[in-house]
2 protein chains.
Amino acid sequence: MDDRFAGIRSRVEAHLADVLNPFGDGPVAEAMRYAVCGGKRVRAALVIEGARLHGVADDRSIWPACAIEAMHAYSLVHDDLPCMDDDDLRRGQPTVHVKWDEATAVLTGDALQSLAFEMASHPDGAETGAARAELALTLARAAGGQGMVLGQALDIAAETAESPLTLEEITALQAGKTGALIRWAATAGPRMAGDDSGPLDRYAKALGLAFQIQDDVIDVTGDAGAVGKAVGKDAAAGKATFVSLLGLDAARARAAALAEEACEAISCYGQDAESLRQLARFVISRQT
Amino acid sequence: MDDRFAGIRSRVEAHLADVLNPFGDGPVAEAMRYAVCGGKRVRAALVIEGARLHGVADDRSIWPACAIEAMHAYSLVHDDLPCMDDDDLRRGQPTVHVKWDEATAVLTGDALQSLAFEMASHPDGAETGAARAELALTLARAAGGQGMVLGQALDIAAETAESPLTLEEITALQAGKTGALIRWAATAGPRMAGDDSGPLDRYAKALGLAFQIQDDVIDVTGDAGAVGKAVGKDAAAGKATFVSLLGLDAARARAAALAEEACEAISCYGQDAESLRQLARFVISRQT
């Protein structure tokens, strides 16, 4: 099973390199290659494994898989900017605005977002025009001002809010900030096949929240060297997190319960969904 | 004919207001409404008039028309950022990062780009899924790292280049920076109808260059109050422009010849294309 995920990671790297090859060697093209490199590729794995359950071949699902990775990479490049989270380190490497400059980082994020839509609507991805259009439409909604960007805006507003967020508010914030892209990733496969995306959407809704709770756990327990970025920032800033609100043990228990809920949501797929169950277990056990 | 364009402007404003209504009243949603407001709507008019020539009704073409206006608005919000062109004034109003802050401006541009793809792939736009997917795919290519963002990156690189750009280099830069979106706008109609987009693409290629030359003319001859943004910046920065390379009179003559070339490219449409010919004449005669 680990081989399967390692294989997905290699294919994603190779595909992104191919797609970016014609972009030339200017600073933005180089920074795009740099920014999409590395990472755990959880979102890509969700696309490819979800698509497999609906009979969609890997060489088609690689397109939306790389689309969601490009979208995620754009969000990281912009989130790291000095006017946003002001982070110097990402995946153990200097962030784009540190390695190049702020203008290049803004443009690199912008171009990666466009690239995400180019790949989501690519004719070699979903077979029918209707499915390609649906992938682009739903990706736009997941990423935009009612999805990921809204979550990021709520996160920034929370930093200057007079009182810390409640558990309900943090849950809503995370549903946008990380949840929307994770749900899009898990449901891309049934969308490509024109099938019901309900079970995978319920799986992804629980998984996305578990993912974020574990991120908060890592921010408290993790080692910056292993994580590859600054840790302890939220606690230092006095920001409310799942850990600050629930306590460490209860946060871990909640993440585990959500991972269990995710696995139950896809029971209809039987043994075929074992890789997605393993992914759910990985999400709550990872230390980076 | 002026009534026709005024009608398009009103419909675009109303449609964007409708689409943005469910986005709520957070700062990013408010800044999105602010940023898409106003402007000449040349790109929207290109979509709607091009679509009309191919039998596509206005209530369908309004979707890609608003998509291209949202895309254009995002590019202005990011271009105005301190790390980019650092402009305080746009269309006579404070720019987004001045009225709100830099983080909000980054997120607003990001959300407007997503919104552009949501509208380009919207089921109420092009009738077939294939056409909607094609609109999203071609918009992504026009906007991204081989289109508009590449043009913007070349423009920034030119500011610190050791020698000013040549006419050929400026033409290539502008083909990305402004030309790509104008070509997408003019060809969206035939794409929606599944028709040949060749004549409108040739029209838009010439028109886009004429548009940019006139922008350079206005930067030299325009009045900041009327233009609604700073003028004379390029000359003050010693940047090569069509005016600095050709001289004012020859630049004007070149813009006029390109507008004529644009009109000839759509001769196949006969009298039906009169509105697009008027648009070409407007582009080279406008003073703002």
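A polar contact is a pair of N or O atoms within 3.5 Å; within protein, one atom must be able to donate a hydrogen and the other to accept it. The legends below describe a predicted model.

Figure 1. Twelve residue pairs are in polar contact between chain A and chain B, with both residues of each pair at pLDDT 80 or more. The elements of chain A that give two or more residues to the side touching chain B are helix H4 (58-79), helix H6 (102-120), helix H7 (129-143) and helix H8 (148-159). Of these, H6(A) gives the most, with ten residues. By class, this side of chain A has 22 nonpolar, ten polar and five charged residues. Two salt bridges are counted between chain A and chain B.

**Figure 2. The salt bridge of Arg141(A) with Glu118(B).** The side chain of Arg141(A) meets that of Glu118(B) in a salt bridge, with an N to O distance of 3.2 Å. Side chains of opposite charge can pair when their charged atoms come close.

**Figure 3. Extent of the interface between chain A and chain B.** On the chain A side, 37 residues are in contact with 37 residues of chain B. The area buried between chain A and chain B is about 3100 Å², and carbon and sulfur atoms give 68% of that area. The size of an interface is often given as the accessible area lost when the parts come together.

**Figure 4. Relation between chain A and chain B.** Chain A is superposed on chain B by a rotation of 180° with 0.0 Å of shift along the axis, at an RMSD of 0.0 Å. This is the relation of a two-fold axis. Because 100% of the interface residues of chain A are also interface residues in chain B, the copies meet through the same surface.

**Figure 5. The fold of chain A.** Chain A contains 15 helices and two strands. Its radius of gyration is 18 Å, close to the 19 Å that the globule rule gives for 288 residues, so chain A is as compact as a globular protein of that length. The C-alpha trace of chain A spans about 50 × 50 × 35 Å along its principal axes.

**Figure 6. The salt bridge of Arg41(A) with Glu13(A).** Over all chains, the structure holds 34 salt bridges. In one of them, the side chains of Arg41(A) and Glu13(A) meet at 2.9 Å, N to O. This pair links distant parts of the chain, 28 residues apart. Arg41(A) lies in the loop between helix H2 (27-35) and helix H3 (42-53) of chain A, whereas Glu13(A) belongs to helix H1 (residues 2-20) of chain A.

Definitions and conventions
Residues are numbered from 1 along each chain as its sequence is written. Chains are lettered from A and ligands numbered from 1 in the order in which they are written. This is a predicted model: local features need pLDDT of at least 70, side-chain atom pairs count only at pLDDT 80 or more; totals for chains, interfaces and linings use all residues. Side-chain values use heavy atoms; hydrogens and water are left out. Contact means heavy atoms within 4.5 Å. Buried area is the accessible area (1.4 Å probe) that two parts lose on being put together, summed over both. A salt bridge is a side-chain nitrogen of Lys or Arg within 4 Å of a carboxyl oxygen of Asp or Glu. A polar contact is a pair of N or O atoms within 3.5 Å; within protein, one must be able to donate a hydrogen and the other to accept it, and residues adjacent in sequence count only if both atoms are side-chain atoms. Helices (H or I, at least four residues) and strands (E, at least two) are DSSP runs, numbered from the N terminus. Ala, Val, Leu, Ile, Met, Phe, Trp, Tyr, Cys and Pro count as nonpolar, Asp, Glu, Lys and Arg as charged, and the others, Gly among them, as polar. Copies are superposed by least squares on the C-alpha atoms of residues with pLDDT of at least 70 in both. The radius of gyration is taken over C-alpha atoms; the globule rule is 2.2 Å times the number of residues to the power 0.38.
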